[in-house]
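Here is a briefing for a reader who is meeting this structure for the very first time. Please look over the sequence and the model, and then read the notes below, which are grouped by topic.

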Amino acid sequence: MDTLSQLANGFSVAFSPNNLLWCLVGTTLGTAIGVLPGLGPALTIALLLPITFQVAPEAAFILFAGIYYGAMYGGSTTSILLNTPGESATIVTALEGNKMARSGRAGAALATSAIGSFVAGTIGTMGVTFLAPVVVSLALLFGPAEYFSLMVLAFVTVSAVLGSSAVRGLASLFLGFYLGMIGIDLQTGQPRFTFGLTELLDGTNVIVVAVGLFAVGETLYVAARRHAGGDEIVPLRGSLYMTREEWSRSWKPWLRGTAIGFPIGAMPAGGAEIPTFLSYVVEKRLSKKPEEFGTTGAIEGVAGPEAANNASAAGVLVPMLTLGLPTSATAAIMLSAFQSYGIQPGPLLLDTQPALVWGLIASLYVANVLLVVLNLPLVGLWVRILKIPAPLLYAGILVFATVGTYGISQSPIDLILLYVLGGIGFLMRRFDFPTAPVVIGMILGPMAETEFRRAMTISGGDWTVLFTQPLSAALLVLAFTALFGPRLYHLIRTWRGPSPDHVPGDA
Amino acid sequence: MLSRRHVLLGSLAAGAAAHTQWSIGAALAQSPAQLQLFVPAAPGGGWDQTARTMEQVLRAEKLITGAQITNVGGAGGTVGLPQFTNQWKGRPNALMVSGMVMVGAIIANKAPVTLTQTTPIARLTGEFLALVVPASSPFKTAKDFVAALKADPAKVPVCGGSAGGSDHILLGLMAKSVGVMPAKLAYVPYAGGGQAVASLLGNQVAAGISGYGEFSEQVKAGKLRLLAISADKRQPGIEAPTLKEQGIDVELFNWRGVFAPPNVSADQRAAMITLIEKMAGSPAWLDEVKKRDWTPILLTGDAYAGFLQEETARIETILKDLGLAA
């Protein structure tokens, strides 16, 4: 019960009027920057660091936590409405979310992502409160070999977004690998595919690629077809929020997304993207209406990944608060704020600064409630964006994408890249190549490569470690089953001969 | 010790010189009491923290009225450097915060612009590096570690920051000093300190090298064992011998310093050096430095320029030995 009494103390810190106000400021700011593609929580917190000289440590961390959670909420809005992901963790949301918006269910997509984020954020925060020590010791068991096998499992998601032609899908995937390889190779420090441009040494930003392919490509496609069809504004179908059926289709994906997101977020190299990929493929496999995926938009494909990315945001706090390990850019900057107060983050943080840590955890619960209160009423406002006539709306998207991209690093090279990729995105749509595998390849490819090479350095070049380490082997088996399981099952069924209800000529 | 009046005189001289120049930048320049700081890295990192701490201290000590910080990040600083040497040329009130990482990045990336084109002002602080092992490791001293390295470097995976960075350079220097080929080392680079520490806590690697601050709390909690530090002498409050004490003749600081742009006059340079010396001697600065686990290793003017030359040569050699530079 020690945890509960400390949490109660934490709430007394979080509920002071001053800190509530900071929490509100943080969540509002976080939602806003989540919406913009260029601004992320890491950069925002870095820019706000000087504030730490002026206010009490509790207030600063409550503000930062609000920004962090808020960005996870805000990022999904533009993914769903404009096909322009604000954060790399919400790229998957765009796949089904935008399809839903086009078939008149934008409100439901926004609602399921807001409520799913609330559910996952709250369960994840509970995980931070009660399970942190257990989760972190499990997360540390993951070494490079295990991460590589986890990436292999994540690659199965590609099969879920391949579309009609495997060859086209794989071509897209390899384009993603190529884009991911641009820049300095972490293992050897040598530049790859940079064509002598110093701006490319740090690689291409996945947000630029996603916005270029999805938003700019889409805009060009719409513009090219403008005179082919009539100008239609999608009417809103059914309830603004979720129907009873949509509720019943959402709650299981929320819980599954949380279960996938939290532990992977807690892993030092887990990140927020992989759980969204995994959640997407799980939901597509389990859905009773798989035909909606990629056509009219399936609500499960929004609910699951959105829950997964918020749960992983909570998971990232586990190594940060228990071990003082920053495992994401945002966590690293939050830790540097600790240092400006003369607080050394580390495994003893919980013992030396209980008021601060528990106040921070309590404010995460508060931030979650504030965010859902803030975001649900906004849904009605956001969906009206889609009523803007197409020429104005798409011009707006272009401006938005351009400004946001420039905001990432103020580099004109990024803008050129954005429009080149926009052109590629247009051609890919025109010739029916799926764009999602490009982004998946770009995120997973370099991670898989790095982890594989680390594993090989550690093992002295012995690749059997991938099979001899039990966790790694288990993940590979899981990946194999997920990929070939359905086919094998089908094969066995046909081997056993026609089933009783099989009528000749039924083929 | 110079009085504040001297600084003001120096600043006035710099201001007067600036106004005689014909460039637009100088004509528009505010009084030199307004400092412009160029940080060739994203907000939040070591250089950025140095710049922001400088601003804070200089303002508190009333040496300047304010400072404007510009961040141009990327590729170890080599993206920002050309901008500083071209667009900031001749500005009397500008400084770039940079350090050892940039020296390495310039060599590894074959950057067209180098630090020799700037006007070195002062080395401010350094972070010595630490060699640590997981608590359960059989290595008790740096000698044990080196012995294992000599037996078979491929069997001793060591983690640290990015390839060619200060952590990798220290491992290379250590190996070389005991007669192990640096190119044979099994170095496992991580982009962030947190992930490197996690791989140590999870017993994935045999040892780790990084700034002492990355490990200090884990060492205090008994999760990692500190074998040696790369400083020149023992440090107060740290119970670990130096590498030199254990027969490994290597000393390395990940140092940070400030540079003025090209084409500043001798007077402007002298005024800037005075300003920085004044700041580095103030109790407020020493207090901030201590809070952040930095070591004050002030070196200014010509002595700094000489150091920079030696350091560049040393890093170039070891990067070649590691197989990272041609």
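Two strands are said to pair if DSSP finds at least two bridges between them; helices (H or I, at least four residues) and strands (E, at least two) are themselves DSSP runs, numbered from the N terminus. This is a predicted model, in which local features need pLDDT of at least 70, side-chain atom pairs count only at pLDDT 80 or more, and totals for chains, interfaces and linings use all residues. Residues are numbered from 1 along each chain as its sequence is written, while chains are lettered from A and ligands numbered from 1 in the order in which they are written.

**Confidence**

- The model scores ipTM 0.76 and pTM 0.79.
- pLDDT is the predictor's confidence in each residue, from 0 to 100, and its mean for chain A is 83, with 94% of the residues of that chain reaching 70 or more.
- Over residues 502-507 of chain A the pLDDT is below 50, and this stretch has zero contacts in the model beyond near neighbours in sequence, where two residues are in contact if their C-beta atoms, placed from the backbone, lie within 7 Å.
- For chain B the mean pLDDT is 82, and 89% of its residues reach 70 or more.
- Within chain B, confidence is lowest in helix α2 (residues 24-28), at a mean of 38, and highest in β8(B), at 93.
- Residues 1-31 of chain B have a pLDDT below 50, and beyond near neighbours in sequence this stretch has 42 contacts in the model.

**Strand β4 of chain B and its partners**

- Strand β4 (residues 119-134) of chain B is largely enclosed by the rest of the structure, because 16 of its 16 residues are buried; a residue is buried if 20 or more other C-beta atoms lie within 10 Å of its own, exposed if 12 or fewer, and partly exposed in between, with C-beta atoms placed from the backbone.
- With strand β9 (residues 253-260) of chain B, β4(B) pairs in the antiparallel sense over eight bridges, and Thr125(B) has Arg256(B) in β9(B) as its bridge partner.
- With strand β10 (residues 295-300) of chain B, β4(B) pairs in the antiparallel sense over four bridges, and the bridge partner of Gly126(B) in β10(B) is Thr295(B).
- With strand β7 (residues 207-211) of chain B, β4(B) also pairs in the antiparallel sense over four bridges, and Ala130(B) has Ser210(B) in β7(B) as its bridge partner.
- Strand β8 (residues 224-229) of chain B runs antiparallel to β4(B) and is joined to it by five bridges, with Val132(B) standing opposite Leu226(B).

- Leu95(B) and Val158(B) touch the most other members of the largest nonpolar core, which has 268 residues; a nonpolar core is a set of buried Ala, Val, Leu, Ile, Met, Phe, Trp, Tyr and Cys residues joined through C-beta atoms within 7 Å.
- This core lies between domain 1 (4-126 + 254-321) and domain 2 (127-246) of chain B, because both give residues to it; the domain bounds come from an automatic or database domain assignment.
- Leaving aside its neighbours within four places in sequence, Val158(B) is in contact with residues including Leu171(B), Tyr187(B), Val205(B) and Ile209(B).
- Helix α5 (residues 100-108) of chain B is mostly covered, as nine of its nine residues are buried, among them Met100(B), Gly104(B) and Ala108(B).
- The cover over the buried residues of α5(B) includes β3 (94-99), α7 (166-177), β9 and α12 (301-321) of chain B.

**Where the chains meet**

- 42 residues of chain B are in contact with 42 residues of chain A.
- On the side of chain B that touches chain A, α3 (46-60), β6 (187-189), α8 (193-201) and α9 (212-220) of chain B each supply at least two residues, and α8(B) gives the most, with six.

**Positive phi in chain A**

- Most residues other than glycine have a negative phi.
- Phe193(A) has a positive phi near 50°; Phe193(A) is in the loop between β2 (191-192) and α9 (206-224) of chain A, and is exposed, with 12 other C-beta atoms within 10 Å.
- Asp432(A), which is not a glycine, has a positive phi of about 65°, and its place is in the loop between α17 (412-430) and α18 (436-459) of chain A.
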